[in-house]
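Subject: Structure handover

Hello,

Here is the structure we talked about. My notes on the ligand site and the cavity follow below.

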Amino acid sequence: MEKVLVTGAAGQLGTELTQQLTEVYGTEAVIASDINPKAKATFPYCRFVVLDVMDRERLRKCIKEENVTQVYHLAAVLSASAEKKPLLSWRVNMDSLLHLLELAREFNLNKLFWPSSIAVFGPDSPKIQTPQQAAKEPVTAYGIAKLAGERWCAYYHQQYGVDVRSLRFPGLIGYKALPGGGTTDYAVAIFHQALAGKSFRSFLRKDTRLPMMYMPDAIKASLALMQAPKDRISIRSSYNLAAMSFSPEELYQGILPYFPEFNITYEPDYRQTIADGWPQSIDDLEARRDWDWSPDYELPAMIQEILQELPKWIQHKKSDL
Ligand code: VAH
């Protein structure tokens with residue numbers, strides 16, 4: 001019987017992925033974990049444990065005592081936060097991954113999932129339809145850690161047969177959890193401002209086109225990768241993954257028909273430099289070839305669904321308080 005541990009479960013991806021994992025494996029088979037004890041309230045439907053992913057012995061104890069068979073290691077310091085504390089972000093993003101790769105080896109875990117990011121590409125990578133094997137010279141602390149992490153994943157698979165699988169996520173847009181510390185977070189916050197009848201201040205320039213993905217597609221890709229037969233997985237560093245690309249202006253124009261009075265201003269900050277080093281679009285040929293990847297959402301459908309569901313979600317969270 002599978003027993004799935006999710007680290008960083010209260011994050012933007014974890015909040016939705018954990019829910020989906022209980023649908024697949026059952027509520028008894030999933031353990032949500034996070035460093036924040038208050039995150040327990042987010043998981044009334046499954047076990048929750050407080051876990052600091054830097055504490056290897058604590059991680060080991062949980063995996064051993066709970067007979068964990070799979071780990072989704074989502075805990076991370078994202079790009080914008082990482083630039084403020086580069087060495088701390090390196091330790092958190094790298095040491096926690098190495099702890100889990102070692103524990104996957106020691107306990108012969110069935111599978112380990114670890115998210116990488118388009119942040120592994122840098123200013124010298126091709127900007128349009130960036131291919132899987134393009135030059136990767138990241139210039140951010142986050143991108144450096146993600147690139148190094150990808151190489152460690154490939155190493156642990158090659159040397160020890162650890163079945164670790166990874167995706168280079170674009171910017172993920174979800175409404176069920178507020179993002180934290182990402183360069184693409186503007187694309188979540190804008191919906192809250194539009195619904196609140198307030199204007200929105202974008203920290204990226206209007207023409208800053210980035211690869212993006214609606215959260216349901218990110219969940220679909222994660223599960224498709226993890227459920228693919230081993231012999232279909234040809235990439236053991238991390239797969240390029242794509243759905244759409246848009247700029248703040250394109251997102252704003254897509255929201256405007258729903259809120260004709262909605263206003264946006266552009267005040268680029270330090271996150272503009274991060275975004276300028278990233279691709280504008282990604283070629284995910286290998287994911288489509290190896291495990292039949294295809295996204296379900298383009299920008300109009302994402303906007304329509306978020307504007308339809310977010311008010312209900314906000315009401316639901318208020319009633320929980
Ligand atoms: C970030 N949301 O902004 C993440 C992601 C491609 C961006 O890795 O750091």
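Which atom of Thr183 lies 2.7 Å from an oxygen atom of the ligand? A backbone N or O atom does.

First, the ground rules. This is a predicted model, with pLDDT of at least 70 needed for local features and 80 or more for side-chain atom pairs, while totals for chains, interfaces and linings use all residues. Residues are numbered from 1 along each chain as its sequence is written, and side-chain values use heavy atoms, without hydrogens and water.

Two other polar contacts (N or O atom pairs within 3.5 Å) are worth a look. Ser79 places a polar side-chain atom 2.6 Å from a ligand oxygen. Thr184 has a polar side-chain atom 3.1 Å from a ligand nitrogen. The ligand alone exposes 280 Å², and the protein buries 94% of that (Shrake-Rupley areas, 1.4 Å probe).

The shell around the ligand (a heavy atom within 4 Å) includes Leu78, Tyr142, Phe169 and Trp278. It divides into 6 nonpolar, 6 polar and no charged residues, with Gly counted as polar and Tyr and Trp as nonpolar. Domain 1 (4-172 + 213-240) and domain 2 (175-210 + 244-277 + 298-320) both contribute to this shell, so the ligand lies between them. The domain bounds come from an automatic or database assignment.

Now the cavity. The count is 1 cavity of 30 Å³ or more (on a 1 Å grid, points where a 1.4 Å probe fits but cannot get out). The largest cavity has a volume of about 40 Å³. Its lining (an atom within 4 Å of a point) includes His73, Asn93, Trp114 and Lys146. That lining divides into 3 nonpolar, 3 polar and 1 charged.

Best wishes

Note on methods:
Polar contact = N/O pair within 3.5 Å; in protein donor to acceptor, adjacent residues only side chain to side chain. 1 Å grid on protein atoms, 1.4 Å probe; cavity = no way out; pocket = protein on both sides within 12 Å on 5 of 7 lines; lining within 4 Å. Points joined across faces, edges and corners; volume = space filled by probe spheres on them.
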